[in-house]
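Student: Could we go through this structure together, one question at a time?

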Amino acid sequence: MRDDGIAKVLALKAYLVVKQATPHEHGDLKAKAERAVRSMERQSSVDAVRRRVFYNLVLAELQRDADPIPFRAAAVDDGERLTELGYANPAPIYMKIVEATTERLTTAHFGDFKSSPTWSHSHWSNSPLAESQALHASIAPALAAVQLEEPLAERYSTFLHSTTLDEIMTKHGIA
C-alpha cells in the first residue's frame with residue numbers, strides 16, 4: 001500500500017489520544033469523537049473515510065474495557081473501503097496494538113492460580129498494559145506492534161505525542 005506508514009501513525013495516534021488523557025477526560029473525548037464521526041457520516045472521500053476510521057478507533061480505545069465492538073466494526077468496514085480504493089487500512093494495525101497492550105493473567109506454575117509477578121500492577125511491573133497506561137511511560141509495546149520505522153516515528157513525533165484531539169478536529173474542520 002502506498003500509505004502504509006500513515007495507517008500505522010493513525011492507528012498509534014488513536015491509541016495514544018486515549019492513553020495520554022486522564023480518565024476524567026474520557027467522557028469529553030468520547031463526545032468529541034462521536035461528533036466527528038457523525039459530521040462525516042455521508043462523506044465518501046478517501047480523507048473522510050480515513051478520518052472516520054481514526055475517530056472510530058479512538059472510540060474503540062475509549063470503550064476497550066466496556067464494549068468496543070461497534071466501533072471496531074465501523075472502523076473495519078471503513079478500513080475495507082480504504083483497501084478497495086488502494087489505501088492502507090489502520091484497523092488491523094490498531095488491533096495489533098490492542099493485542100500487544102492487553103494484559104493476560106497467567107499462572108506462575110501450572111495449577112497455581114496466582115498471577116505471575118511479571119504481570120503485577122505494581123509500579124515496578126514489566127506489564128505492557130501498566131507501562132502503556134502511564135502518561136509519560138514507554139509506549140514500546142504499542143510501537144513494537146505497529147513496527148513504525150524510526151524515521152517515520154521521528155517525522156510524526158510531535159503529532160503522536162503532543163497533538164490533541166481538539167487540534168486534530170480543528171484541522172479536519174469539525175467544530
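The questions and answers below concern a predicted model.

Student: How many helices and how many strands are there in the chain?

Tutor: Since the model is predicted, the answer describes computed coordinates. From the N terminus on, the elements run α-α-α-α-α-α-α-α-α-α. The count for the chain is therefore 10 helices and zero strands.

Student: What percentage of the residues in the chain is buried?

Tutor: A residue counts as buried when its relative accessible area is under 20%. Applied to the 175 residues in the chain, this cut-off gives a buried share of 44%.

Student: What share of the contacts with a separation of 6 or more comes from residues 24 or more positions apart?

Tutor: A contact here means heavy atoms within 4.5 Å. Among the contacts in the chain with a separation of 6 or more, residues 24 or more positions apart account for 68%.

Student: How many residues of helix 1 are buried?

Tutor: Helix 1 covers residues 4-19 and reaches 23 Å from its first C-alpha to its last, which is close to the 22 Å expected at 1.5 Å a residue. This helix is largely enclosed by the rest of the structure, because the buried residues among its 16 number 14.

Student: Are helix 4 and helix 5 oblique or roughly antiparallel to each other?

Tutor: Helix 4 (residues 69-84) packs against helix 5 (residues 90-101) with the axes 8 Å apart and at an angle of about 140 degrees. An angle has to be over 145 degrees to count as roughly antiparallel. The two helices are therefore oblique.

Student: Which residues of helix 5 does helix 4 meet, and how many residues of the contact are charged?

Tutor: From helix 4, the residues Arg-72, Ala-75, Val-76 and Leu-82 take part, and they meet Pro-90, Ala-91, Tyr-94, Met-95 and Val-98 in helix 5. The residues of this contact divide into eight nonpolar, no polar and, as charged residues, one.

Student: Is Glu-61 buried or exposed, and with which side chains does Glu-61 make polar contacts?

Tutor: Glu-61 is placed in helix 3, residues 46-62, and its relative accessible area of 3% makes it buried. Not counting residues up to four places away in sequence, Glu-61 touches Ala-14, Tyr-15, Val-18, Lys-19, Tyr-94 and Val-98. Its side chain makes polar contacts with the side chain of Arg-64 at 3.1 Å and with that of Tyr-94 at 2.6 Å.

Student: Which threonine side chains make polar contacts with the side chain of Arg-64?

Tutor: Arg-64 lies in the loop between helix 3 and helix 4, and with a relative accessible area of 15% it is buried. Leaving aside residues up to four places away in sequence, the residues touched by Arg-64 include Tyr-15, Arg-72, Tyr-94, Ile-97 and Val-98. Its side chain makes a polar contact at 2.9 Å with the side chain of Thr-101 and one at 3.2 Å with the side chain of Thr-102.

Student: How far apart in space are Arg-64 and Thr-102, C-alpha to C-alpha?

Tutor: In sequence, Arg-64 and Thr-102 are 38 residues apart.

Student: Where is Gln-147, and what is its phi?

Tutor: Gln-147 is placed in the loop between helix 7 (140-146) and helix 8 (150-155), and it counts as exposed at 56% relative accessibility. Its phi is positive although the residue is other than glycine, with a value near 55 degrees.

Conventions:
Residues numbered from 1 in each chain as written. Predicted model: local features only at pLDDT ≥ 70, side-chain atom pairs only at ≥ 80, totals over all residues. Heavy atoms only, no water. Helix = DSSP H or I, 4+ residues; strand = E, 2+ residues; numbered from the N terminus. Expected span 1.5 Å × (residues − 1). Buried < 20%, exposed > 50% of the residue type's maximum accessible area, 1.4 Å probe, protein only. Axes fitted to C-alpha atoms, helices over the stretch in contact; angles between N-to-C directions. Parallel < 35°, antiparallel > 145°, perpendicular 65-115°, else oblique. Nonpolar A, V, L, I, M, F, W, Y, C, P; charged D, E, K, R; others polar. Polar contact = N/O pair within 3.5 Å; in protein donor to acceptor, adjacent residues only side chain to side chain.
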